[in-house]
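User: I would like to go through the helix packing and the pockets of this protein. Please keep the answers brief.

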Amino acid sequence: MGKKEIENDILGKKEDMYRIRRELYENPETGLEETMASELLTDMFRKEGFSVTKGVYGLKTGFRAEYESGKAGPSIGFICEYDALPKIGHACGHNMIAAMSYGAACGLKSVLNEIGGKIVVFGTPDEESTSGKVNFVEGHAFDSIDAVIMCHPYPESEESGATLGLGALQFEFHGVSAHAALPKENCRNALDALVMSYLNINNLKQYIPEANIYGIIDHGGDRPNIIPDYASMKYYIRAASKAKLQEYMDRVTDCVRHTAQASGVSVTVTEFEKRVENLVTNHTLADVFKENYEKLTTLRLKKPEGYAATSDIGNVSNVVPTIHSWIGITRTGGLALHNPEFAAATMTDFAAGEMVSAAIAMAQTGYQVICEPELLQKIKKEFEG
């Protein structure tokens, strides 16, 4: 009975979900500037009876919306993303993510007073650049949450799988400048040290083929007739686990430090962006979502092949049982994230139907976690193992 009530409630609110999807699509806001989206969502949650706190965890466009049943029970977390990409808008489908989590939270709320427990919706800004969820994790936002359920639009439907962790390293080389036509014995070319480091990292990559290591030179000097006393390069390093990511970052750093030493220059190493951890899917939770979702749609959640790129949902998954399922928004696939065609695809009737189905399945999955103590025990056992 509870699952049917949830489905009917969400179907009754689908116009609200369509509104979120449309208004975010028509008014895209890049990371940390999502003022309209944050205001829209917090206003809609407040009207649904949620207690809303804005500007949380140091993020002015972040929010936390809670609904408590007044009865003991598990706490279910849903996540809204709503930042867009520069120039191409919602080409990662965050307009749909916000709408799905809104629908799921409202649907689960419709039965919460009967079954007990609590719902918390996390409005997490700027997934694309500064990884806003890291602020939430560092602020202990998920300490009292039993499970986090999130879905992401995608060309095809896939089960929640794995993503790569990411570390962002900047190497700044400090030498001694001189006129290029009259180099002196004590001059030290920072750019030469950088170039040799860049080449040595390329050589290192062949010995760690499972790593993903790519960088750019963001400062190489000021004029050709001045031997540079400063040069800088930035690298993204990706790996499949926290331990491997640390290992690869250490190996790259050691490579650069030794090269700089051999070149007679000093080097400063910093992490210029927050470290993003790999997604650790809770497969017990994912299986429940899959069963619920596939009863509502003709699409099947296929097994993922390899790793998805990188997302700050990984940091969440390392502190609380989490799923991040991929919801197909086309019948045939073929599109790619982060292009204008994908943004347009989020606004089709087909995408709307899958968005509603996913929201229902998310809420029904939360319902089972609350109502089935043995399921929650199994979820926690997998997480702790």
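Predicted model: local features only at pLDDT ≥ 70, side-chain atom pairs only at ≥ 80, totals over all residues.

User: At what angle do helix 2 and helix 3 pack?

Analyst: Helix 3 covers residues 35-47. Its axis and that of helix 2 are 10 Å apart. The packing angle is about 170 degrees.

User: How many charged residues are in the contact of helix 2 with helix 3?

Analyst: Helix 2 brings Asp-16, Arg-19, Ile-20, Glu-23 and Leu-24. Helix 3 brings Met-36, Ala-37, Leu-40, Leu-41 and Met-44. By class, 7 are nonpolar and no residue is polar. The number that are charged is 3.

User: Are helix 2 and helix 4 roughly parallel or roughly antiparallel to each other?

Analyst: Helix 2 spans residues 14-26, and helix 4 spans residues 94-115. Their axes lie 8 Å apart, at an angle of about 155 degrees. Angles over 145 degrees count as antiparallel, so the pair is roughly antiparallel.

User: Is the crossing of helix 2 and helix 4 left-handed or right-handed, and which residues of helix 4 does helix 2 meet?

Analyst: The crossing of helix 2 and helix 4 is right-handed. The contact has 9 nonpolar, 3 polar and 2 charged residues. From helix 2 come Asp-16, Met-17, Ile-20, Arg-21, Leu-24 and Tyr-25. In helix 4 they meet His-94, Asn-95, Met-96, Ala-98, Ala-99, Met-100, Tyr-102 and Gly-103.

User: How does helix 8 lie relative to helix 12, and what is the term for it?

Analyst: Helix 8 is residues 283-294 and helix 12 is residues 373-384. Their axes come within 8 Å and cross at roughly 135 degrees. That angle makes helix 8, relative to helix 12, oblique.

User: Which residues of helix 12 does helix 8 meet?

Analyst: The contact of helix 8 with helix 12 holds 4 nonpolar, 2 polar and 2 charged residues. Helix 8 supplies His-283, Thr-284, Leu-285 and Val-288. In helix 12 they meet Leu-375, Lys-378, Ile-379 and Glu-382.

User: Which residues are closest to the centre of the largest pocket?

Analyst: The largest pocket holds about 500 Å³ of space. Its lining has 24 residues. The closest to the centre are Glu-127, Glu-128, Ala-309, Thr-310 and Ser-311.

User: Which elements give two or more residues to the lining of the largest pocket?

Analyst: The lining residues divide into 9 nonpolar, 9 polar and 6 charged. The elements that give two or more are strand 5 (147-154), strand 10 (230-239) and strand 12 (322-328).

Definitions and conventions: Residues numbered from 1 in each chain as written. Heavy atoms only, no water. Axes fitted to C-alpha atoms, helices over the stretch in contact; angles between N-to-C directions. Helix = DSSP H or I, 4+ residues; strand = E, 2+ residues; numbered from the N terminus. Parallel < 35°, antiparallel > 145°, perpendicular 65-115°, else oblique. Left-handed = near helix turned anticlockwise from the far one by under 90°. Contact = heavy atoms within 4.5 Å. Nonpolar A, V, L, I, M, F, W, Y, C, P; charged D, E, K, R; others polar. 1 Å grid on protein atoms, 1.4 Å probe; cavity = no way out; pocket = protein on both sides within 12 Å on 5 of 7 lines; lining within 4 Å. Points joined across faces, edges and corners; volume = space filled by probe spheres on them.
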